[in-house]
Amino acid sequence: MSVVVASGMPHLIAAPILLPLLSAALMLLVSERHRRWQAGLNVLTCLIGLAVSAGLLAWVAARDAPLAFGVYLPSNWPVPFGIVLVLDRLSALMLVLTAVVALSSLLFALARWQRAGVRFHPLFQIQLMGLNGAFLTGDLFNLFVFFEIMLVASYGLLLHGSGRARVQAGLHYIAVNLFASSLLLVGTAMLYGITGTLNLADMAAKLAQIPATDRGLLHAGVALLGVAFLAKAAVWPLNFWLVPAYAAASAPVAALFAVMTKVGFYAVVRIWTLFFPAAGSDHFFFGANAFVLLGLVTLAFGSIGVMASQRLERLVGFSLIVSTGTLFAAVGFGMPALSAGALYYLLGSTLTASAFYLLLELVERARLGGDEAALADNPDEGAPFVIEPAVLVTAPAGDVNLDDAEQPLIGRAIPAAMVFLGLGFVVCALLTAGLPPLSTFVAKLVMLITVLDPSGLGNEDSSPSIGAWSLVTLLIASGLASTIALVRLGVRYFWAPQARPTPRLRIAECMPIVLLLSACAALMVGAGPALRFTQAAADSLHRPALYIEAVLSARPVPAPAARAGLP
Amino acid sequence: MEGVVSIAIGVLGGSGIWLLLRPRTFQVLLGLSLLSYSVNLFIFAMGSLSIRAEPIVVPGMAADLLHYTDPMPQALVLTAIVIGFATTALFLVVLLALRGLAGNDHVDGGEDAP
């Protein structure tokens, strides 16, 4: 496989963008009556996308730091003038994460949700195109364009299934995002006005030559960009839109949206590490303290929200806010080891949130008893794969003295479907709260150790700052808050109810959840290699000279005549 | 000229934000439109304002920004206008859908809605 990837480079870098675009265009030609073909094409594209992303990840991982960049010039123009796609460790990681989450959401949607409205599949692929493009692009304006592509598709997907709650949440979501996009544009224009370029690497290289009188303007432009990204990443106080919108979205869409908040985080990390790298200089990581502070407040806000949530879908939304807060606070410290832990946490927490969104749909359906009502609009489609409630034979209780009220419980079988839901809930709860032994626990442990001991184990002079202590306290407190809230909801959903019909689950809907949770388990088992990879990614993020050098040294492919030695 | 343009951008942006904070959906829509006008003007102005300067290189004139206007912001503005127009149209559709579903034009679907 590595040979195939190596021979396809650098053209393969464009594949994560072109593939969804092509597939969406083809799907638009297929009538809605042939949804089966659309679905097949969608699954095929997602599988190819996953393979390509994994191949790119392997390609990047196999190379040493100065060479671990793939640069592709789509229009074959020299670098600062033409647009450029850049693949590095961080973007490859995000591509794979997106592909895994997308495949799972799609498989879940195939069972049922794809029938809730029109044009689900093309919108899904366009959304993937926007996400992948935002991770790959190397210039500021295309970042804006891919953000818009991603958001426009997300507006459509959020409204998928319609209904008043979705339309109302969608209206707020669109208004907030349009406003944030305006800020993004203003910031981009200001940076262009100061530096005269839009290429991120070129811009970063030119920042050193900016006269002191223009520094204020530069900081204002970057701060505007930052506010736009923070709003999209759902950092307090710009996150009031997230919980209602994600709670209203249909389950597979919400699961896909879990990646979307991470795009804002990615953009901030990419731009800030490129622009404000050198530790010790006067503008070291401009706004880093603001990131730490806002991250900590977001973490606290999310924890309180988790505690206050009465419904599972709102709780998962707040847990996404908790993870955003953790990421921003951790990255704001500007320490490579801490960023490595944060990137590892990003993977685990995103997969968890997606799995949780899918699972809670099943839990909710089980609670409301069967899905016949929702299926009524499509009577011809039955439930092809139903887990028959397996009967666990329990020894009849003899003379055990029990309350009369509990009599009906004795000897009753625990249906396999309920077992699946319960176990899935427990695993998701452990992952959300960051309890041992799962991957988010490892991530939190890494972050705690690094933040408490910044200069390495056994060093005398390492004294954590107030910010570090706050991060430690809030990380642990947020875990506790999530545990309390999830146990409370778990009791209400799984223990307390008695006279409830056995839920009927479809294997097609359980598989994606199993897929996501096993990805989390793989992260836990492979924590060593995964952390080494995120460490390498964080190291190269904190040495932006490599990125700048890689992008600026890219040369367009010469024309055939020139290659043949002709003038 | 700089003064006039910046006042125009400021007035458009300020009115846009004020309308954005109003409770009726149509006001929000107009606010977003005004805001996007001001942002587009802002991008345009970032390429330095000039009168009677060519954006495309003419033979016999030195190719620098003294003789030409910067074509880049114009390209950016064109893209931003297209994207802004499309998203505004989409917002209008959602606005009408909410109007139909909720029976009024409040952004929360009713004065006393949560």
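Reader: Is helix 14 of chain A enclosed by the rest of the structure, or is it exposed, and why?

Author: A residue counts as buried if 20 or more other C-beta atoms lie within 10 Å of its own, as exposed if 12 or fewer do, and as partly exposed in between, with C-beta atoms placed from the backbone. Helices (H or I, at least four residues) and strands (E, at least two) are DSSP runs, numbered from the N terminus. In this predicted model, 29 of the 33 residues of helix 14 of chain A are buried, so the helix is largely enclosed by the rest of the structure. The span of helix 14 from its first C-alpha to its last is 47 Å, close to the 48 Å expected at 1.5 Å a residue; the expected span is 1.5 Å times one less than the number of residues.

Reader: Which conventions apply to the numbering and to the predicted model?

Author: Residues are numbered from 1 along each chain as its sequence is written, while chains are lettered from A and ligands numbered from 1 in the order in which they are written. Because the model is predicted, local features need pLDDT of at least 70 and side-chain atom pairs count only at pLDDT 80 or more, whereas totals for chains, interfaces and linings use all residues.

Reader: How many helices and strands does chain A have, and what percentage of its residues is buried?

Author: Chain A has 22 helices and two strands. Of its 567 residues, 54% are buried. Two residues are in contact if their C-beta atoms, placed from the backbone, lie within 7 Å. Among the contacts in chain A with a separation of 6 or more, 81% are between residues 24 or more positions apart.

Reader: Which residues of the largest nonpolar core touch the most other members?

Author: In soluble globular proteins, nonpolar side chains tend to be buried together. A nonpolar core is a set of buried Ala, Val, Leu, Ile, Met, Phe, Trp, Tyr and Cys residues joined through C-beta atoms within 7 Å. The largest one here has 226 residues, and Met150(A), Tyr357(A) and Leu359(A) touch the most other members. Helix 14 (residues 336–368) of chain A provides the largest share of this core, 20 residues. At least three residues of the core come from each of domain 1 (1–277) and domain 2 (281–370 + 417–541) of chain A. Not counting residues up to four places away in sequence, Leu359(A) touches Gly424(A), Phe425(A), Cys428(A) and Ile513(A).

Reader: How many residues does each domain of chain A give to the contact between them?

Author: Domain bounds come from an automatic or database domain assignment. The C-alpha centres of domain 1 and domain 2 of chain A lie 22 Å apart. The contact takes 43 residues from domain 1 and 43 residues from domain 2. On the domain 1 side, helix 4 (89–111), helix 9, helix 10 and helix 11 (251–275) each supply at least two residues. For composition, Ala, Val, Leu, Ile, Met, Phe, Trp, Tyr, Cys and Pro count as nonpolar, Asp, Glu, Lys and Arg as charged, and the others, Gly among them, as polar. The side of domain 1 that touches domain 2 divides into 33 nonpolar, seven polar and three charged residues.

Reader: Which helix of chain A gives the most to the side that touches chain B?

Author: Between the chains, 22 residues of chain A are in contact with 28 residues of chain B. Helix 6 (140–158) and helix 7 (164–195) of chain A each supply at least two residues of this side of chain A. Helix 7 gives the most, with 16 residues. The side of chain A that touches chain B consists of 16 nonpolar, four polar and two charged residues.

Reader: Where are the cis peptide bonds, and which residues other than glycine have a positive phi?

Author: One cis peptide bond joins Trp236(A) and Pro237(A), with omega about 0°. Pro237(A) is in the loop between helix 9 (215–232) and helix 10 (242–248). Another cis bond joins Pro436(A) and Pro437(A), with omega about 5°; Pro437(A) is in the loop between helix 16 (416–433) and helix 17 (439–452). As for phi, Ala234(A) has a positive value near 65° and is found in the loop between helix 9 and helix 10. Ala234(A) is buried, with 26 other C-beta atoms within 10 Å. Asn76(A) has a positive phi near 60° and lies in the loop between strand 1 (70–72) and strand 2 (85–87). Asn76(A) is exposed, with 12 other C-beta atoms within 10 Å.
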